[in-house]
Amino acid sequence: MQRIGMLVRDARRHRGLTQQQLAERLGTSQSAVARIEQGGQNLTLELLGRLSEALERELFSVGPSGPTHLRVSGGVPLRGSVTVKSSKNAAVALLCAALLNRGRTTLRNVARIVEVERILDVLRSIGVSATWDTAGRDLTLVVPEQLDLAGIDADAARRTRSIIMFLGPLLHRAPSFDLPYAGGCDLGTRTVEPHMIALRPFGLEVEARGGSYHAAVTAPGTADRTIVLTERGDTVTENALLAAARTDGTTTIRNASSNYMVQDLCLYLQLLGVGVEGLGTTTLVVHGKPVLDADVDYTISEDPVEAMSLLTAGIVTDSELTVCRAPIEFLEVELATLAEMGLRYRLSPEYLADNGHTRLVDVTISPSELKALIDKIHPMPFPGLNIDNLPFFAVIAAAATGSTLIHDWVYDNRAIHLSDLTRLGADVRLLDPHRVLVTGPTHWSSAEVVCPPALRPAVCILLAMLAAKGTSVLRNVDIIARGYEQLYERLVEMGARIEVFHD
């Protein structure tokens, strides 16, 4: 019922209707529409039909539905402005962090994406109360005294890599517990050993067998501890922070990630009363408290990866476009790289995000003649070029004159998925599983492509289709919903021609 409610809410917003206006079309009350959108209203087939008619959209069909596909009529410049939504990666970290709090946690401006819903399915299955407000943007979580860890939704847990971040908070809740193996995008083999190294000083030992992590917890050996992370990973740092927050004494985390989602987590922990020093640096000092009991509200910051996605859409379609509320601190290297390639852009004066910390700007880009960089483009931990932003440079490089080497040293086979750009006319040569050579400028051509099984490369194919004249088809696009909220509708509002269809 909640998923149907989300579908009704999204369709209503897409039509520009208020709840009261939809209620008038249905001949019911605004409160009834609010209950429908919250999943608290029983729905008959007759009411479902009336909803479809009122929203002028076929919302529901009887029988099994096939995968979602996109039909893209490209070669059309975008226009106007678009606002960056909140961070998916910060949202999932904060959902896991809510397990630390005995009080009420209200997270504001939460992305309504599949990844968030999967984590919520897991949290609800172990007894956490998670309630959306009537607008569907703010989420209130209340954690029970006793968690039902035996009742965990294993299917939802296995479909998200973020489940690994349950280890940090749960080691404070039970002497032993099981978690299903972490899943997520198909990006090659990624070891969880850095997480184990980070969590052993807190008394956690994990054995992997039978499709699950079997965790056992003993008391930490010392009051104060220093942890040197072998990988400056975002989720590894977050797991160490979650473990340290409720561990008495002082924990020093060295080689810590200082990326955007880690900063959001630190700000939330400070609201809970945890002392966190070194925000934005690679050394974090955490003064833990065994009991965290506070009613807190936190507004999640904007997503720099979505901002880069939207900028890329404007760049490859040769558009004049403004991307509003872009977190500039986490885009400075990307914008400097684009400036070297010849992109013309201007920034508004800086202003603060609603969390009172993150610096935002509005970025306006103009049609530009791009040229390839002499040096390779590669990611680095923050403050370097963001790992998740690297794939977008393959699409941008295809629009530039000359050859650009893209080196994705982090993932085992994500670069392979970028070779799908050749289907649309790009000259992309795979040198090895980590490197591609992109030569442009590309005369994009329409094609039918099956979505690669990785989020960012899938979005890259969609953005290239926006630049390709003619009609392209992108099949099996469900993976894009893992990390983007209403991406197609927002692109359409900027002038893109995208049609969603099913087999």
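How many disulfides does a search of the whole structure find?

Analyst: The model is a predicted one, and a search through the whole of it turns up zero disulfides. Cys 96 takes part in none, and the cysteine sulfur nearest to it belongs to Cys 266, 15 Å away. Seen from the other end, Cys 266 is also in no disulfide, and its nearest cysteine sulfur is that of Cys 96, at 15 Å. A disulfide is a covalent bond between the sulfur atoms of two cysteines. For the pair to be counted, the sulfur atoms would have to lie within 2.5 Å. As for solvent, Cys 96 is buried, because its relative accessible area is 0%, under the 20% limit for that class. Cys 266 counts as buried too, with a relative accessibility of 1%.

Next, the domains. The assignment divides the chain into domain 1 (1–55), domain 2 (68–85 + 302–502) and domain 3 (88–299). The pair to look at is domain 1 and domain 3, whose centres, taken over C-alpha atoms, are 35 Å apart. Eight residues of domain 1 and 10 residues of domain 3 make up the contact between them. Together the two domains bury about 690 Å² there, and carbon and sulfur atoms supply 36% of that area.

The polar side of this interface can be given in two counts. Zero salt bridges are found by the rule across the interface of domain 1 and domain 3. Polar contact, on the other hand, is counted for three residue pairs between domain 1 and domain 3, with both residues at pLDDT 80 or more.

With its neighbours within four places in sequence left aside, Glu 117 is in contact with Met 6, Arg 112, Arg 124 and Trp 132. Glu 117 is classed as buried because its relative accessible area is 14%, and the class takes in values under 20%.

How values were computed:
Residues numbered from 1 in each chain as written. Predicted model: local features only at pLDDT ≥ 70, side-chain atom pairs only at ≥ 80, totals over all residues. Heavy atoms only, no water. Buried < 20%, exposed > 50% of the residue type's maximum accessible area, 1.4 Å probe, protein only. Contact = heavy atoms within 4.5 Å. Domains from an automatic or database assignment. Buried area = accessible area lost by both parts, 1.4 Å probe. Salt bridge = Lys/Arg side-chain N within 4 Å of Asp/Glu carboxyl O. Polar contact = N/O pair within 3.5 Å; in protein donor to acceptor, adjacent residues only side chain to side chain.
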